[in-house]
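Reader: I have a model open and want to learn how to read its features. Where should I start?

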Amino acid sequence: MVRTRTIAASRIAEAEKKILTEEELERKKRKDEKAREKELKKLKAEEKSKLAELKAKEVKDVPKKSTKKSSKRDAPEENPEDFVDPETPVGERKRLSSQMAKQYSPASVERAWYAWWEKAGFFVADAKSSKPKFVIVLPPPNVTGVLHIGHALTTAIQDLIIRWKRMSGFNVLWVPGMDHAGIATQTVVEKELQRTGLTRHDLGREEYIKEVWKWKEENGSKILIQLRRLGASLDWSRECFTMDEQRSKAVTEAFVRFYKEGLIYRDIRLVHWDCHLKTAVSDDEVEHIDIKEKTLLKVPGYDKPVEFGLITSFAYPLEGGLGEVVVATTRVETMLGDTAIAIHPDDARYTHLHGKVAVHPFNGRKLSIICDGELVDPGFGTGCVKITPAHDPDDFKLGKRHNLEFINIFTDDGKINTNGGADFTGMPRFEAREAIVEALKNQGLFRGSQNKEMRLGLCQRTSDVIEPMIKPQWYVNCSTIAKEALDVATNDENKKLEFIPKQYTAEWRRWLENIRDWCISRQLWWGHRIPAWYATLEEDHLREIGAYNDHWVVARTEEEARKEAAEKFSGKKFDLAQDDDVLDTWFSSGIFPLSALGWPAETDDFKAFYPTSVLETGHDILFFWVARMVMMGMKLSGEVPFSKVYLHPMIRDAHGRKMSKSLGNVIDPIEVIDGATLEALHERLEKGNLDQRELVVAKEGQEKDFPNGISECGADALRFALVSYTAQSDKINLDILRVVGYRQWCNKLWNAVRFALIRLGDGYSPPLDLSPETMPFSCQWILSVLNKAISKTVESLNAFEFSDAANTVYAWWQYQFCDVFIEAIKPYFVNPALASERAHAQHALWVSLETGLRLLHPFMPFITEELWQRLPSPKDSERKASIVICDYPSATENWKNEKVETEMETVIASVKCLRALRAELLEKQKNERLPAFALCENNVTFEIVKSHELEIRTLANLSSLEVLLKGEHAAPAGSAVETVNENLKVYLKVDRAINAEAEQGKIRNKIAELQKQKEKLQMMMSASGYEEKVPANIKEDNVTKLAKILQEFDFFEKESVRLVAETGQFRK
């Protein structure tokens, strides 16, 4: 075997991984040449004694022994170097070996093509084109990381759509972009700074931002390499980044316009606060976990786990020594910010407390006892509720209703501030929890704790426990724009947005009907700084920024802000300072379809390509991203940014578990493409940020799922597997073995084309046109079923049924082209009397290959390009440079032939039965050729089988086939029988005696099955009212069915008698 994989892998173009200098390139080239020469010497030694007369091996009519001797005697010696692709300079069209390698190697095949596609400009859209447009924007992946297998699914689906549309005559634009990922990027860079003993505050904002840009330039290219390795045909000339100059201008413009229209406002509200990141996060960035009882959880910043799932009861003494009020809480540390105690106005137990006051035990604060029937449930707990307006959503609302004092007790990093009292100031909140319990015990106010079922909010990114905090923030008023976004998807009279699958329309309605205003400010440094300036007037009593809400000025630039402030505060002196906060990353992502095309400028791209055509993404960000794009896009442009939204399933592992770093089941697509040892998978985990306990669990998970690592599969196999999985509801349970299976299928495809090219020969010239009606039966059939596969594939693609499309293409190649057609035409190439049929077979073979490769290309771009480039092309006809820019196949009317397809169904069914008989009768030497018989019930069947005797004999590997007509010929003696259909039985004869008992057993089973069918049908036909109620055509059909059953009964009764007569074996 020629081990081309080793050579190919050692020579993968390094340009895909990094940009090399000329000197490095030359040095690498010399090194590769030496390795190549060494490998070729090994290959020559291995191949020296091997000969390649493939015809002799494939033709089964020639005795095997003579084939071997002949091939060894006559075949020329092979040169292993002929099977190895020459080195291709980066960006040039791939240079192919003079001989096709004997085995498919993904590393070899997928090398060099992409760089040429990109350099040749095949992916570049033309804003001036008259072709119909088709536009997709790539959901911009975060600059911080690498693509995981979920991103690979997105890429596979989108590239499938894009390549198909490009080949179908559209002016296709697929816009690549990356997201600046505010929180994630800042977290990563701060961790790197910490290793040097610095914080961002040590550097200052300006220097820190420079450090982040530097990190982005050094690390942001990993994703771009992965996308290229996956074959994503993106228009890289239009690549953008959500923080580049153009996108930043668009973000500023969007903010200013929204503010001027009253859609953006600033308010002091309760927000979800991440103490670890020291920023607010949106509702959608909070994950809730259910806790049933006392539970220890690891919280960022704490050395030991923190207790949750407990409710603590304690007493507040009443003023004047009148007793006490017992309250209970799961967050006892918040009692430092309590400003009231609430009871239900109708609770008879506490009527004596109306108008009374409790006293805070640690700071003497007076806590009014107030009546509130909206919040307090008399049947819950003690019926008395402590109120912390600054740290609880329900208490916040009650505080507004009763005009209570709002006291914030936490610093931004989650420590107790001075409002919490000297005894606790500076304590981390969960350490303060323990200290407060001890202090209550010391004062005799602790009343106990017990298990309490609760929901705990955690930040998606950090797993920090979310702390409700009072903060001034910027908000988008979503009520109006959400209604507009809902209407375009649900109003049948004005429907402009379609969801696929349709069930997500209900999810869309649920989200938008219950939408709340969107907090868009984040307390970070990396991101789009909010274009708002605060004017501190010389006369202001309060000097803190933000103290007066009407002192804010929103503008595109500081110069514009200063001018506006001068008009607003005419004649007054002021200092101007820009807000330190940045915008939520989803704000810039929300206008990405606009900004990616040049908005707010009326660029050629914007005029040509907006609105886009389809938005394809995971259903998990339906609200995060899709809803915001629709709301913002409609408001800013007046148009829905895309007309269709395809939401793909979420990828789970083979066990149905969510992909998680801590489980060790997250997969980098490159690990599947190139393969990875278990050690390499472990090494990736060790470089991550898992703690030691999580690392152990993750490694154990990898050892269980990938004990031998991950096999090299290639991008084509990975893409095809992912697309074929999309029919699995809203989740995909990905089994890497399925990808391996498609990798093996690629090898079958490779060998089929290799065989075909040998059959075509060196001097073959394809025809410009075909006349199927003049061709042999098998050639007419392959064109007809190819035609049907084309129609079904295009229909499925149009319906976004990608799995069906993939299965249709696979089925044609596997079960019709490889399993049937290639085998059926072999006699034409060995029998001189079939020279005319051979020419037709060559033409049908070439057309099937060329068309089939174009049909498959959007699914598997690399292997189809390589195989297509090896095909000969018609003379005097201009050949396209690449399959990428060829036309996608469309149905050809004169290829359609239902009669031929029906007859081939009979042929294939007969072959399957004969093969089953062979497997049953021959324990060994299952390839031994045997004589067979076909017994036909009527002349029509007889003529069909007789006319296709050659195909049946070839496909079933028979020594002979005799076609018999019932009534004129008897069943052959010494044969085993199998039913093809009611009109056809096939027999296989063996030299040795058949197993009469086994045959009788088959007949008994068949008779029993027929008996059941007969009884069921007779019962239905004899039912009361049958003659009066059942339509005449159905009654007629039933009579025919019963006649056929009785006919089959008769046949198998006679077969049983025949076996008895031949073998003396009586039925039991």
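Author: Start with W813. Setting aside neighbours within four places in sequence, W813 is in contact with W745, L749, C818, L849, G852, L853 and L856. Contact means heavy atoms within 4.5 Å.

Reader: What should I know about the model and its numbering?

Author: The model is predicted: local features need pLDDT of at least 70, side-chain atom pairs count only at pLDDT 80 or more, and totals for chains, interfaces and linings use all residues. Residues are numbered from 1 along each chain as its sequence is written, and side-chain values use heavy atoms, with hydrogens and water left out.

Reader: Which residues touch the most other members of the largest nonpolar core?

Author: The general idea is that in soluble globular proteins, nonpolar side chains tend to be buried together. A nonpolar core is a set of buried Ala, Val, Leu, Ile, Met, Phe, Trp, Tyr and Cys residues joined through side-chain atoms within 4.5 Å. Buried means under 20% relative accessible area, exposed means over 50%, and partly exposed is in between (1.4 Å probe, protein chains only). Here the largest core has 162 residues, and I149, W813, F817 and F859 touch the most other members. Helix α26 (residues 736–760) gives the most to this core, with 14 residues. Helices (H or I, at least four residues) and strands (E, at least two) are DSSP runs, numbered from the N terminus.

Reader: Why does this core lie between domain 3 and domain 4?

Author: Domain 3 (735–896) and domain 4 (910–1066) both give residues to the core, so it lies between them. The domain bounds come from an automatic or database domain assignment. A second, separate core of 66 residues includes A489, I520, W586 and V645.

Reader: Now sheets. What is the strand order in the open sheet of 3 strands?

Author: Pairing comes first: two strands pair if DSSP finds at least two bridges between them. The order is β23-β22-β24, with antiparallel pairing. The edge strands, β23 (552–554) and β24 (574–578), each pair on one side only. Neighbouring strands of this sheet are turned by 30 degrees against each other on average, direction ignored. Axes are lines fitted to C-alpha atoms, for helices over the stretch in contact, and angles run from 0 to 180 degrees between N-to-C directions.

Reader: Which helix packs on the sheet?

Author: Helix α17 (residues 558–568) does, touching β22, β23 and β24. Its direction makes about 140 degrees with that of β24. As for bridges, 5 of them join β22 (residues 532–537) to β24. In β24, D575 is the bridge partner of T536.

Reader: Is L367 buried or exposed?

Author: L367 is buried, with a relative accessible area of 0%. L367 sits in strand β14 (residues 366–371). L367 and D338 are 29 residues apart in sequence and 7.5 Å apart in space, C-alpha to C-alpha.

Reader: What about backbone geometry?

Author: Most residues other than glycine have a negative phi, and most peptide bonds are trans. Here the peptide bond from I500 to P501 is cis, with omega near -5 degrees. P501 lies in the loop between β19 (498–500) and α16 (504–513). The bond from Y610 to P611 is cis as well, with omega near 0 degrees.

Reader: Where is N403 found?

Author: N403 is in the loop between α13 (393–402) and α14 (429–442). N403 has a positive phi of about 55 degrees, although it is not a glycine. At 69% relative accessibility, N403 counts as exposed.
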